[in-house]
Amino acid sequence: MILVSLFLLLLIHGAAFAAPFPLTPPEGFRALDTPNDAGTSISLVWKASPGDSKDRKVQVWLAEKKANGSVGEFKKITELPSKSRYIKPGDFPWWDQPAAKGDHYVKIPSSQSFPIEDGKGYAAKLVIREGDQEVSSPVSEATPAPNWVNLAQINNLAFVVVFTGILLTSIGASRRNPHMYLRRIAGLDAVEEAIGRSTEMGRPILYLTGAGDMGDVSTIAATVILGEVAKKVARYDTTLKVPHRDPIVMAVCQEVVKEAYVEVGRPDAYREDSNFFITGDQFSYTAAVDGIMLREKPAANFFMGSYFAESLLLTETGASTGAIQIAGTDSDHQLPFFVTTCDYTLIGEELYAASAYLSREPVLVGTLRGQDIGKAIIMAALILGTTLATLGVLVQSDAVNYILDLFKDFK
Amino acid sequence: MPEHLIPTHALIGAWIAVGLTLFIFSFLYKDNPLFKIGEHLYVGISVGYSVVVVWYTVFIRLIWEEIAKGNPMAILGGDFSDLKHYEPLIPVMIGLLIWTRFIPKIAWLSRLAFAFVVGFGSGVAIPRTVSSTILKQIEDTVNPLLTMSNGGFSFSLDLANPQSGVNTVILLVGVISVLFYFFFSVEHSGAGYVTARTGVYFLMIGFGAAFGYTVMSRMSLLIGRFGDLLKFSTADYGYATPILLLLTIVCLVIWERSRPRGAGSE
Amino acid sequence: MIFFKRQLPLAITLIMGVVFALQYYIPHPVSEDAITHLSKWMQIISGFAMVLGLASLFQVHAMKIKRQVPGWGYSGILFFAMLATLAVGLFWSKGETTANGVQTAFGWIYSYTMVPLQATMFSILAFFIASAAYRAFRARSREAALLLTAAVVVMMGRVPLGQFLLPWTWDVTQWLLNVINSAVRRAILIGVSMGSVALSLKIILGYERSYLGGGKDQ
Amino acid sequence: MKEFARWMVSIDRRIIFVLIALGTLLPLLHPFGLPIKVSPEVRGVYDYIENLPEGSVFFLSLDFDPSSKPELEPQAVALLRHAFRKHLRVIGMTHWLPGTGLADSIFARVAKEMGKQAEKDYVFLGWSPGTGSLVIAMGQDLYKAFPSDNAKHPTVGMPVLEGVRNLRDVNYLISLAAGNPGIEMWYVFGKDKYRFEMAGGSTGVMAPGLYPFLRSGQINGLIGGLQGAAEYETLIGQKGTAVAGMDAQSADHFVIITLVLLCNVFYFVLRGDKGRPA
C-alpha cells in the first residue's frame with residue numbers, strides 16, 4: 001500500500017516536474033489554402049494551449065492525396081517549438097483573418113523535398129512531442145490554389161480609389177470655378193517687391209528653373225511661375241535673364257515668356273535672348289551663373305525648381321552681391337541652404353501651390369485641392385487613431401481595431 | 001627608397017589623379033582654364049564609361065546573349081520552343097521607338113514608347129507608394145499614448161526612448177502641424193495660425209538637423225580627397241602632390257598675368 | 001494620323017497604368033508572370049533611353065566645335081576624352097575593369113581619372129559651406145535662429161570632439177533626429193507621396209502629358 | 001566696432017578656404033584619436049549580421065558613385081569584413097552606373113583580404129538599368145535580371161547562389177546609398193513585396209530623410225555618413241579610413257561652428273545700420 005502510494009506520488013511528482021500540463025492533441029487544428037498567395041503553399045492553424053513551451057515541439061507532417069482519394073505516405077516537413085508562431089495583432093486585418101488572434105499560424109511553402117502543387121489535395125497532421133512522449137492531431141485536408149485578389153491589401157486599393165475620386169471631383173470643381181479659395185503664400189508677396197526694386201535700381205532679374213527636365217513637377221511649377229514673373233517684368237519694363245541647362249526646358253520657357261509679354265500688351269519689349277542655354281554640366285553651369293551674378297549684379301535672384309549640390313554655390317554668390325533672393329524647391333536635401341541664404345523660400349509643396357495660386361490653371365488648382373482633402377483625411381485619421389488606440393488600452397478592447405486596421409499596411 | 005615597389009602604371013596613375021584633383025581644386029581660386037580642362041575631361045570620360053557599361057550590360061548581356069541562345073533554323077522548321085529566346089526583341093522595338101526622337105519626321109513615334117514606359121512606371125508606383133510611404137507611415141504614427149503595466153496605466157516621460165509616450169505625442173504634433181502647414185485650403189489664422197507656426201518651427205529644427213548632417217557629409221568628401229593627396233605626396237610616389245601643386249600654382253600665375261586687364265571670369 | 005499621335009499614346013498609358021496598378025493586388029501566377037516579363041523589358045528599354053541623354057550631350061558639344069563658339073576647345077577635350085575611353089573600353093578591355101584580378105586599361109582610366117575627378121568635384125563644396133557659414137548663415141528671423149541652433153547641436157553631437165566636450169549634445173542630437181526630424185520628414189514624405197500618387201493618377205488618366213515632350217500636341 | 005565688423009565680413013573668402021584646408025590637413029597628419037560612441041541605429045545593423053547563421057544570404061547594394069566614395073566606401077568595407085568574417089554568402093550589385101568599377105574593386109579588395117573567392121563565397125552582379133523595374137525583376141527571378149555577373153560569368157549554377165531563386169531568399173539586404181535610386185527605392189519596390197529584412201547606410205545628406213523608415217521598422221538600422229562608418233569600424237574592432245577621418249571631421253565641424261557664430265556676431269553688430277546688411 002505504502003509502496004503503491006509512494007510510486008503514485010513519484011509518478012505525479014515526476015510528471016509535474018517534466019510537464020505541468022499533460023500532452024494533449026492540438027485543438028482546432030485545420031489545414032487551409034494559404035490566403036492571398038500565388039498558390040503552391042498551404043497553411044495550418046491551431047489553438048494556443050497552456051502547455052506551449054520551448055521544449056515541447058510541434059512537427060508538421062504532410063501527405064499527398066492520390067487521385068483515387070486515398071492518402072499517401074506522411075512526410076515530416078518541419079519541427080518548431082510549440083511556443084512560437086502565434087498570430088499577433090497587426091498580422092492580419094479584421095476583414096481577412098485565417099484564425100483568431102493568439103492562435104498558431106504556420107505557412108508551408110513548396111520545397112524541393114516536398115513539392116506542393118496547385119489543385120492537388122494534401123493531408124496534414126501535427127505531432128506534438130515532449131521528451132519521448134508524443135500525440136498526434138486529427139488529419140485535416142486542404143487544396144492549394146492561386147488567388148485572384150489579395151484581400152489583405154484591399155484597404156490600399158480602397159485608398160487609391162477614394163483618392164482618385166477626390167482628385168477627379170476637385171479638378172472638375174476647379175474647372176467650373178478656377179478661383180476657389182487658396183491661402184496666401186508669404187513668399188509670393190516678395191516677388192512684386194523684388195521686381196519693383198530691380199526696376200528702381202535699373203538692374204536685371206535673374207531667374208533659374210533648376211536642374212530638372214520637363215518631366216519634373218518642380219520644373220513645371222518653375223515654368224508656370226516664370227510666366228507670372230515675366231508678366232510683371234513686362235509691365236515694369238525690367239530686364240529678365242533666364243540661363244538654362246536643358247534645351248527642352250529652354251524652349252518651353254521661351255514660349256512662356258513670349259506669351260506673358262503678349263498678354264500684358266508689350267510684345268515689342270520681348271527679347272528672344274532673355275532665355276539662353278549655357279550647358280548641361282552641373283558645375284560649368286554653376287560657374288557661369290555665378291559669373292553673371294558677379295558681373296551684372298542682378299537686383300533679384302529667383303531659384304525655382306529642383307536643385308542639387310550646386311544650390312549653395314549659387315545662393316551664396318547671390319547673397320554676396322546683395323540681391324533679394326527668392327527660392328522655391330522641393331529638393332528637401334537642399335532646403336536648409338536655401339532657407340539660410342535666401343530672403344524667402346517656398347518650401348516643398350508651397351512651390352506647387354504657388355504655381356497654382358498664380359496661374360489658376362484648373363488642373364493645378366484642382367490637384368492642390370484634392371491633395372488638401374487627402375491630407376485632411378490623413379490628419380483626421382492620425383488624431384482619431386491615436387485617440388482610439390489609447391481608448392483601446394484604457395478599456396482593454398480590440399474593438400477599436402475595426403477602424404485602426406483601415407489605416408494599416410498589411411501584406 | 002624602394003621606389004620600384006609601386007608598379008609604373010600605378011605611379012603614372014597617381015600623378016594623373018593628383019594633377020586632376022588639383023585642377024578641380026583650382027576652382028577655389030577662381031574659374032580658370034585648368035578647372036575647365038578637368039571638368040570637360042570628367043564629363044567626357046564619364047560619358048565614355050557609361051556608354052561602354054551600357055553596351056556590355058544591356059546590348060550584350062540582356063539582349064544579344066539571350067537571342068544567341070535561340071536557334072532560328074529550328075523555328076523555321078516548326079519548333080517554336082526556342083521562340084522565348086527572342087522575347088528581348090519586343091523591348092528592343094520599343095527602345096528603337098525612343099530613338100526616333102533623333103529623326104524629326106517620325107519623332108512622334110517616340111511618344112508611344114514613352115507612353116508605355118511612363119504608364120508602367122506610374123501604375124507600378126501607385127500602390128507601392130500608398131503602402132510604403134502613406135499607410136505604413138500613418139500606422140507607425142498612431143500609437144496608444146498610455147501603456148498598461150501591472151494593472152495600472154502609465155504615460156512615459158522618457159525623452160531618450162523614441163517610443164515613449166511623450167515622444168509619441170511630440171511626433172504626432174509634429175506630423176500634424178507640418179502637414180497643416182502644407183495645407184492650402186484654409187487661411188492660417190486663429191488656431192490655424194498657431195498650428196502652422198508650430199509646423200514651421202518643427203520644419204526649421206528638422207532642416208537644422210539636416211544642415212548639420214550635410215556639413216558633415218561635405219567635409220567627409222574633402223577629408224577623403226586630402227587623404228588621397230597625402231598618400232601620393234610621399235617619396236614612393238615621387239612626391240607627386242607637392243610637385244604638381246607647385247606646377248598648378250605656376251600655371252595659374254602665368255594665366256593670370258597673360259589675361260588682358262579687366263577681363264571678367266567667363 | 002492624329003489618332004496615332006495623340007489618342008494612342010494616351011490609351012497606352014491608361015492601359016499600362018491601370019493594369020500594373022491592379023497587378024499589385026493580384027497574387028495569381030498570371031499576374032506575377034506579367035510583371036516578371038515587363039520588368040525585364042523595362043530594364044532593356046531604360047538602356048535605350050539612357051543613350052538618348054548621352055546623345056543629346058554629344059550633339060551640344062559637336063555643335064560647339066562645329067560653330068567654333070568661344071571655349072570650343074574644351075568641347076574638343078571632352079570629345080577626345082570620351083572617344084579615348086570608348087575605344088579603350090570597347091576594343092581593348094572589352095568592358096572589363098579587372099580581368100583575372102588584374103586591372104585593365106579601362107579600369108585604370110576609371111580609377112585614376114574618373115574617380116578623383118568626380119570625388120573632387122563634390123569636395124569643393126566643403127569650402128563653399130565654410131564661406132557661406134561665415135557670410136550667409138545668419139539668424140535673420142526666429143526660424144533661421146532655430147535652424148542654426150539645431151544645426152550647431154547636430155554638428156557637435158555627430159563628431160567625437162563635440163561628444164567629448166559637451167556630452168549632452170550626443171543625446172540631444174539623437175532625440176532631434178529620432179523625434180523632431182522624424183516627424184518633419186514623415187509629414188513631408190506623406191505630402192510628397194500624395195503628390196506623386198496624384199501625378200501618377202493624372203498621367204494615367206491623361207490630365208498630365210508633359211512627359212510626352214514636344215510641347216502642345218503638334 | 002562696426003568698421004571692424006564690416007572689414008571682417010568682407011574678408012576674402014579664400015582665407016576661409018585656407019582655414020578649412022588646415023582644419024582637414026593637420027588632424028590627418030597628427031591624429032588625436034578621440035573615442036567613437038556607437039548609436040543604436042548602427043548597432044541595429046551590427047547585431048542583425050552578428051546573429052545571422054553561417055551561410056545566410058547577405059545582399060549588399062552599393063548605390064553610389066565616386067563622388068560619395070569617402071563616406072560610403074568605409075561603410076562598405078566594414079560591412080563586407082563583418083559579413084565575410086561571419087561566413088555569410090554575399091551578393092553585391094549597384095544601381096549607379098558610374099559606381100560600377102568602384103563597387104567591383106571594393107568587393108575584390110575586401111574578398112582578397114579576407115581570403116574569399118568569387119562565385120564561391122560572393123558574387124558581384126554589377127550594374128543593370130531599370131532601378132525600380134530591376135528590383136521587381138530580381139524579386140521575381142534573379143537569373144532573368146542578371147543572366148551573368150559583372151565578370152560576364154553565367155549566374156545560373158554559381159555555388160554562392162545555391163538555393164537563391166529571387167529576393168525572397170535573401171536573409172539581409174543593405175543598400176549603401178548616396179541618393180536615389182537607393183534605400184527608399186529598395187524598400188518600396190523590394191522589401192514591401194518580397195519580404196526580406198533590410199537596413200540602410202547613407203551619406204550624411206540623405207540620412208535625416210531616412211529616420212521615418214527607421215522608426216517604423218521599414219529598415220532595421222541606419223549607418224549615417226562617415227561617423228556611422230566609424231561606429232561600424234569600432235564595432236567590428238577593425239579601424240579603417242573612417243575612424244582615421246573622424247578627427248579631421250571634428251576639427252572641420254569646429255571651424256564651421258566658429259564661422260557660423262562669427263557670422264552672427266557681425267550680423268548683429270551691423271544690423272543697426274540702415275537697410276539689410278548685404
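The dialogue below sets computed values against the criteria behind the terms.

Tutor: Please note at the outset that this is a predicted model.

Student: What makes chain A more spread out than a compact globule?

Tutor: Chain A has 11 helices and 14 strands. Its radius of gyration is 35 Å, well over the 22 Å that the globule rule gives for 411 residues, so chain A is more spread out than a compact globule. Along the principal axes, its C-alpha trace spans about 120 × 50 × 45 Å.

Student: Why is the contact of A:Lys47 with A:Asp103 called a salt bridge?

Tutor: The criterion is a side-chain nitrogen of Lys or Arg within 4 Å of a carboxyl oxygen of Asp or Glu. The N to O value for A:Lys47 and A:Asp103 is 3.2 Å, so the pair qualifies as a salt bridge. The pair links distant parts of the chain, 56 residues apart: A:Lys47 lies in the loop between S2 and strand S3 (57–64), and A:Asp103 in the loop between strand S4 (75–81) and strand S5 (104–109).

Student: How do you know whether A:Asp103 and A:Lys47 are buried or partly exposed?

Tutor: Buried means under 20% relative accessible area, exposed means over 50%, and partly exposed lies in between. A:Asp103 has 8% and is therefore buried, whereas A:Lys47, at 39%, counts as partly exposed.

Student: How do you know that the salt bridge of C:Arg135 with A:Glu316 joins two chains?

Tutor: The closest N and O atoms of C:Arg135 and A:Glu316 are 2.8 Å apart. C:Arg135 lies in helix H4 (residues 105–135) of chain C, and A:Glu316 in helix H7 (residues 310–320) of chain A, so the pair joins two chains. A:Glu316 counts as buried because its relative accessibility is 1%.

Student: Why is B:Asp228 with D:Lys69 also counted as a salt bridge?

Tutor: The closest N and O atoms of B:Asp228 and D:Lys69 are 3.8 Å apart, and the limit is 4 Å, so this pair is counted as well. B:Asp228 belongs to helix H7 (residues 191–231) of chain B and D:Lys69 to helix H4 (residues 69–85) of chain D, which means that the pair joins two chains. D:Lys69 is buried, with a relative accessible area of 16%.

Student: What makes the phi of A:Thr40 worth noting?

Tutor: Most residues other than glycine have a negative phi. Phi of A:Thr40 is near 50°, a positive value in a residue other than glycine. A:Thr40 lies in the loop between strand S1 (30–33) and strand S2 (41–46) of chain A. At 33% relative accessible area, A:Thr40 is partly exposed.

Conventions:
Residues are numbered from 1 along each chain as its sequence is written. Chains are lettered from A and ligands numbered from 1 in the order in which they are written. This is a predicted model: local features need pLDDT of at least 70, side-chain atom pairs count only at pLDDT 80 or more; totals for chains, interfaces and linings use all residues. Side-chain values use heavy atoms; hydrogens and water are left out. Helices (H or I, at least four residues) and strands (E, at least two) are DSSP runs, numbered from the N terminus. The radius of gyration is taken over C-alpha atoms; the globule rule is 2.2 Å times the number of residues to the power 0.38. Buried means under 20% relative accessible area, exposed over 50%, partly exposed in between (1.4 Å probe, protein chains only).
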